[in-house]
Structure formats: C-alpha cells, structure tokens
Amino acid sequence: MKLPPDSLIPAQKITHYLLLPLSRGDKSAFLSRAGYTQENPQQLLNDLRAQILPLDAVAAGENKFGRYFEIRGLLRGPNGTALRIRAIWMTEHLSGSTKFVTLVPDKRKT
C-alpha cells in the first residue's frame, strides 16, 4: 500500500533526533555515511519524502495511538552513497494523519 504523499515529516525529528549524535540509539553516524549532517537537514527531509515515502508500505503493528507501517528502501544521500533503511510511519487513530516516526538501518539480507 502507499502512504499519503502529504504524510508529516517533522523537521524536529530530523534535527533533534536523526542527525544529532546521541549516546544511545545514535543514527547520525549511519546517516553521515551518505552525506547527511546537521548542516543539511532539509536534504534528508526532502529525500525521505521523494525517495522513501512513494515506496510500498507494509503494516507493522498497532497500539492505542495508531497503526504502524514500515517502508524498506534505498536512501541515496547527497554524496551518492545509498543506505538500506527501514522507515517507520504511524497513522494516528485520533486525527487520521500519517507521520514519520523513525528510521533504522535495514539489516535484512536480500
């Protein structure tokens, strides 16, 4: 299934979580391999919207807040390196809106 093209990708999720070096659950080092840094957060946001969001999503669970979906795909960064990722999205029960939750490296063997 396809998620709505206007799904929300909060800028703060990019700047204060994905691209920020963290002592636990750090994703910034992984993303930096493709050239994503704190200096170009809009690039990551744009690339998630253009490269990942249009791909097929599969149901990945549900809780009291909403239904989760996973999109697996290649995210090609500004330096040309492609990262295999799993992007998690949620459609909220209350509002019906779909938003980006996180991404992790996709370690699945292909």
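Here are some questions and answers about this predicted model.

Reader: Is Ser7 buried or exposed?

Author: Good place to begin! Ser7 sits in the segment before α1. Buried means under 20% relative accessible area. Ser7 has a relative accessibility of 2%, so it counts as buried.

Reader: Which residue's backbone oxygen does the side chain of Ser7 reach?

Author: Ser7 touches Arg49, Leu53, Trp89 and Thr98, leaving out residues up to four places away in sequence. The backbone oxygen that its side chain reaches, at 2.6 Å, belongs to Pro4.

Reader: Which residues touch the most other members of the largest nonpolar core?

Author: That core has 24 residues. Elements giving two or more residues to it include α1, α2 and α3, along with strands such as β2. Leu31 has contacts that include Leu18, Leu75 and Leu103, with neighbours within four places in sequence set aside. The residues that touch the most other core members are Leu31, Leu44, Leu48 and Ile85.

Reader: How far apart in sequence are the parts that Arg72 and Asp106 tie together?

Author: Arg72 and Asp106 form a salt bridge, with their closest N and O atoms 2.5 Å apart. Arg72 lies in strand β2 and Asp106 in the segment after β4, so the parts they tie together are separated in sequence by 34 residues.

How values were computed
Residues are numbered from 1 along each chain as its sequence is written. This is a predicted model: local features need pLDDT of at least 70, side-chain atom pairs count only at pLDDT 80 or more; totals for chains, interfaces and linings use all residues. Side-chain values use heavy atoms; hydrogens and water are left out. Helices (H or I, at least four residues) and strands (E, at least two) are DSSP runs, numbered from the N terminus. Buried means under 20% relative accessible area, exposed over 50%, partly exposed in between (1.4 Å probe, protein chains only). A polar contact is a pair of N or O atoms within 3.5 Å; within protein, one must be able to donate a hydrogen and the other to accept it, and residues adjacent in sequence count only if both atoms are side-chain atoms. Contact means heavy atoms within 4.5 Å. A nonpolar core is a set of buried Ala, Val, Leu, Ile, Met, Phe, Trp, Tyr and Cys residues joined through side-chain atoms within 4.5 Å. A salt bridge is a side-chain nitrogen of Lys or Arg within 4 Å of a carboxyl oxygen of Asp or Glu.
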